[in-house]
Amino acid sequence: MTEKIFFILFIFIILLLLFIAIYTVPYNTDSLTYHLARVRMWIQNQTVSYYASWDARQVFYPPFSEYLVLQTYLLSSSDLFVNIISTFAYAISCISIYAIGKELLLKKSSIYFSLLLFMMCPIAISISLTTQVEMLIVMWVLLFTYYVIRIVKKNFLDISKEFVENVCFLSIVMGLGYITKSSIALIYFPFIIWIFITFIKKGTKIKLLLFYSFIVLIMVMFICFPHLWRYIQYTGELALYSGENALVTTLDIRYHIVNAYKNFCTTLFNKNGFLHIFFFDIGEMLSNLLGINYASPIITWGANLDHYYINNGIYSHDAGTSMILMSTFITLFIFRIKKLWSKKIILLMAF
């Protein structure tokens, strides 16, 4: 009965989101300044080659999400359906969460709780109605996690059909994720280290690990090479452009502490002027105590926007993390740490 209820709820939410995605015109700043702008330029130029632009994001950002938007735009001859790409990514993400729970042999109640937590997350819902890339990134990360778990569950590396398929799908997901947004590599990295450590502990030969790593690298490069090579030719840089101050660019733990506080409080109290000012003042006191600038440009996007939010009463979800996910994780971490540790999952979740 629970499965039937969740299935009906899932179908209802997806259909509702599809209706809203089609009914709602692209409205956010990113969509209007570079996501859809670069698509219109490609159509105008009849090529996806680089072009002169006032916004470097239109030219240098990884293009896979916009390739999907381009196909949708050309097939419909309008921007009517461009938002549904993120909606489908939301649906696939829900299915991936369910599949991951099954692979981890979690109780059905835990799987449904995880699924419901994701489905009801306000930010997940909001970005599933736009042409932004975040929901596609979520989808790639969840699919990547699913195949990582399937691979790690093997007691040894082999050349069975199932194992080779998992490695191939993992490689495809990694490649498509990277040309959707290059910063996803930061999420891939700890998982890859986990795979290596797991198989080394199982007594797998290093040569065999390197062989499979080479196969994965070849497949990923096959997907990424066209865009990456063009980028290198034009810029002379190896790392794909992802914007300035997208991360805390220092190992100084003080900045990370303040940034976590800032993002959490900005998300939690952005609609309440009094509480926002109150916690803003506490944040400045914390920064002064640590000996750093609360509005330092070293801290991520949104570092200098607190007064703007207070005065205008608006909030961009790009400036902070979800307080729902943060609160839930902290709660689970406190009360379930022993069980999570026994499952060897806690470090992966924490990262």
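Start your tour by selecting Ser-77, in the loop between helix H4 (64–76) and H5. This is a predicted model, so take each stop as a look at computed coordinates. Ser-77 is exposed, with a relative accessible area of 64%. Check its backbone as well: phi is near 60°, a positive value in a residue that is not glycine. For context, most residues other than glycine have a negative phi.

Now move to Leu-105, in the loop between H5 and H6. Here, too, phi is near 60° and positive in a non-glycine residue. Is Leu-105 buried or exposed? Its relative accessibility is 70%, so Leu-105 counts as exposed.

**The whole chain**

Zoom out for a moment. The protein chain has 16 helices and 0 strands. Of its 351 residues, 42% count as buried. The chain exposes about 19700 Å², and carbon and sulfur atoms supply 71% of that area. Among contacts with a separation of 6 or more, 71% come from residues 24 or more positions apart.

**Helix H6**

Next, select residues 108–119, which form helix H6. Its 12 residues reach 16 Å from the first C-alpha to the last, close to the 16 Å expected at 1.5 Å a residue. Color Ile-111, Tyr-112, Leu-115, Phe-118 and Met-119, the buried residues of H6. Why do they line one face of the helix? Looking down the axis of H6, you will find its buried residues within an arc of 125°, so they line one face. In general, an α-helix has 3.6 residues a turn, so residues three or four places apart point the same way. To see what this face packs against, show helix H1 (2–23), helix H5 (84–103), helix H7 (122–127) and helix H8 (134–152).

Then center on Tyr-90 and display what it touches beyond four places in sequence: Ile-13, Ile-14, Leu-17, Phe-118, Met-119, Ala-124, Ile-125, Ser-128 and Met-135. As a rule, nonpolar side chains in soluble globular proteins tend to be buried together.

Back at H8, how many of its 19 residues are buried? The count is 17, so H8 is largely enclosed by the rest of the structure. Its end C-alpha atoms are 27 Å apart, in agreement with the span of 27 Å that 19 residues should have at 1.5 Å a residue.

**A polar pair at Glu-103**

Pick Glu-103, which lies in helix H5. With 16% relative accessibility, Glu-103 counts as buried. Draw a distance between the side chains of Glu-103 and Arg-150, and you will find a polar contact of 3.0 Å. Leaving out neighbours within four places in sequence, Glu-103 is in contact with Tyr-146, Ile-149, Arg-150 and Lys-153.

**Last stop: Ser-182**

Finish in the loop between helix H9 (161–178) and helix H10 (185–201), where you will find Ser-182. Ser-182 is buried, with a relative accessible area of 9%.

Notes. Residues are numbered from 1 along each chain as its sequence is written. This is a predicted model: local features need pLDDT of at least 70, side-chain atom pairs count only at pLDDT 80 or more; totals for chains, interfaces and linings use all residues. Side-chain values use heavy atoms; hydrogens and water are left out. Helices (H or I, at least four residues) and strands (E, at least two) are DSSP runs, numbered from the N terminus. The expected span of a helix is 1.5 Å times one less than its number of residues. Buried means under 20% relative accessible area, exposed over 50%, partly exposed in between (1.4 Å probe, protein chains only). The arc is that of the directions from the helix axis to the C-beta atoms. Contact means heavy atoms within 4.5 Å. Accessible areas come from the Shrake-Rupley method with a 1.4 Å probe; for residues, only the protein chains shown count as cover. A polar contact is a pair of N or O atoms within 3.5 Å; within protein, one must be able to donate a hydrogen and the other to accept it, and residues adjacent in sequence count only if both atoms are side-chain atoms.
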